[in-house]
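I opened this entry to get my bearings in a new structure. My notes follow in the order I looked things up.

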Amino acid sequence: MIEKQPSCADENETGLLPVATAVARVRELITPIAESHTVGIREALNRVLASDVISPIDVPGYRNSAMDGYAIYSDDIPDQGESELRVIGTAWAGRPSDADPQRGECVRIMTGAMMPQGCDTVVIQEHVRVEDSSIAIDDQVEVGRNVREAGEDMQAGETVLVKGTRVRPAQLGLLASLGIAKVEVKRKPVVAFFTTGDELRSLDEHAGEPLGAGELFDSNRYTLFGMLSRLGVDIIDLGVVPDDSERTRSAFLEATQHADLVITSGGVSAGAADFVTQTLHEIGDVSFWKLAMRPGRPLACGRVGDALFFGLPGNPVAVMVTFYEFVKPAIAQLMGCVDLDSPTVRVPCISHLKKSRGRVEYQRGIYTCVDGEMQVITTGKQGAGRLSSMSAANCMIVLPAEVDTIEPGTLVDVQLFEGLV
């Protein structure tokens, strides 16, 4: 009788590493990049701060009005009925008034303008009655309303951004509001990648040529390029490497001379032409290469020289799933980013889903709003080679290892592909 070997097609394969354990092992393998340099504020977008940012000033730097209206003394607010105040000047944003209002007087003021000395309340212009050079206010005016205090947002000496923060548009604006034109950021990680397979044809070299018998256009290289390009790394594309042990070995050695991280696609299963894992065992240190997940069971990870490596599966969907679940957070950790986990929301699943117990499964889904309520449905058939399912999806439905069926209406965890910022 033939002795059967474990396969990713098995319903209950033994000896697979749990996803959570694999995530923990990856984090133990990574030492964040220590090198940093100073860049201009525009160049800091999507980079990771190498040091804390301390506010050099108060923001706002002075007490100012939050609304268009009239700056008054709160003592002039009547206990009941109305009070009449004489308007003695106007304060504009960037042009403070030189008026010195006393009790019974007020200053017309615009949003952002400096509050006149002594005034502590702004009555919005819609809540007053204007009569020639005077206004009337009533007993409904709230003390201190519509006034922004100096340092209300940020105070001089305060830590406003911590080391490890990724600079997004909001952080650019914050830095600009403090007058900070340059910041210290971590060096970009260098990531080298290549795909493997005699059957693969690159569009870069064979555009317009018909495919030969048994050949495929290499989609994974372009998917990897797209995913890496959005992460703020420097990329080295080593192309397609044939199914040959010496060529695979040479590609790895070349990659590790220049890169902090090496990514491959294909060649990590147990086939006769799968040389990636074999080569890694020979020249590197493999931490794991079979996971209890689907798609993406044959995922190799470890180190070659000073570089971290990920040997991703060859199936297109498995490449993307393992990249988002393992490679993306690893790159963030290399950068020294403090936020490594993917945002997850919990919503009802309208589809009926089935899976095998014992493996975490990542199904492609469509996250949408129906009648004011968020929900998710499956994109349909979930084969690891169906790249069209990833194109149609806007999220992944994460199904835990211990379940095998999801009934319609069940709450599920969803990882969104796109964030607001």
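**Entry 1: one serine.** I started at Ser134, which sits in strand E9, residues 134–138. This is a predicted model, and I kept that in mind throughout. Is Ser134 buried or exposed? Its relative accessibility is 12%, under the 20% cut-off, so Ser134 counts as buried. Next I looked for what surrounds it. Setting aside neighbours within four places in sequence, I found Ser134 in contact with Glu84, Leu85, Arg86, Val87 and Arg129.

**Entry 2: confidence.** The chain has an average pLDDT of 90, and 92% of its residues reach at least 70. Residues 1–8 are another matter: pLDDT stays under 50 there. For that stretch I noted seven contacts beyond four places in sequence.

**Entry 3: the sheet.** What is the strand order in the open sheet of six strands? I read it as E16-E13-E17-E21-E20-E18, with mixed pairing. Strands E16 (234–241) and E18 (285–288) are at the edges. Each has a single partner strand, so one side of each lacks a neighbour in the sheet. From one strand to the next, the twist averages 20°.

I followed one pair in detail. Strand E13, residues 190–196, runs parallel to E16, and six bridges join them. Within this pair, Ala192 is opposite Ile236 of E16.

Then I looked for helices on the sheet. Helix H4, residues 220–229, packs on it and touches E13, E16, E17 (261–265) and E21 (307–312). The direction of H4 makes about 165° with that of E13. Helix H5, residues 245–258, lies across E13, E16, E17, E20 (300–304) and E21. I noted an angle of about 175° between H5 and E16.

**Entry 4: a helix pair.** I turned to helix H1 (19–29) and helix H7 (316–334). Their axes are 10 Å apart, and they pack at about 30°. That angle is under 35 degrees, so H1 and H7 are roughly parallel to each other. Which residues make the contact? From H1 I listed Val19, Ala22, Val23, Val26 and Arg27. From H7 I listed Phe326, Ala330 and Gln333. The crossing of H1 past H7 is right-handed.

**Entry 5: backbone details.** I searched for cis peptide bonds. One joins Val59 and Pro60, with omega about -10°. Pro60 is in the loop between strands E2 (53–54) and E3 (64–65). Another runs from Arg294 to Pro295, with omega near -5°. I placed Pro295 in the loop between strand E19 (293–294) and E20.

Positive phi values in residues other than glycine came next. Asn46 has phi near 70°. It belongs to the loop between strand E1 (36–40) and E2. At 29% relative accessibility, Asn46 counts as partly exposed. Asp371 is not a glycine either, and its phi is about 55°. I found Asp371 in the loop between strands E24 (360–370) and E25 (373–378). Its relative accessibility is 77%, so Asp371 counts as exposed.

Technical notes. Residues are numbered from 1 along each chain as its sequence is written. This is a predicted model: local features need pLDDT of at least 70, side-chain atom pairs count only at pLDDT 80 or more; totals for chains, interfaces and linings use all residues. Side-chain values use heavy atoms; hydrogens and water are left out. Two strands pair if DSSP finds at least two bridges between them. Helices (H or I, at least four residues) and strands (E, at least two) are DSSP runs, numbered from the N terminus. Axes are lines fitted to C-alpha atoms, for helices over the stretch in contact, and angles run from 0 to 180 degrees between N-to-C directions. Contact means heavy atoms within 4.5 Å. Buried means under 20% relative accessible area, exposed over 50%, partly exposed in between (1.4 Å probe, protein chains only). pLDDT is the predictor's confidence in each residue, from 0 to 100. Angles under 35 degrees count as roughly parallel, over 145 as roughly antiparallel, 65 to 115 as roughly perpendicular and the rest as oblique. A crossing is left-handed if the near helix is turned anticlockwise from the far one by less than a right angle, and right-handed if clockwise.
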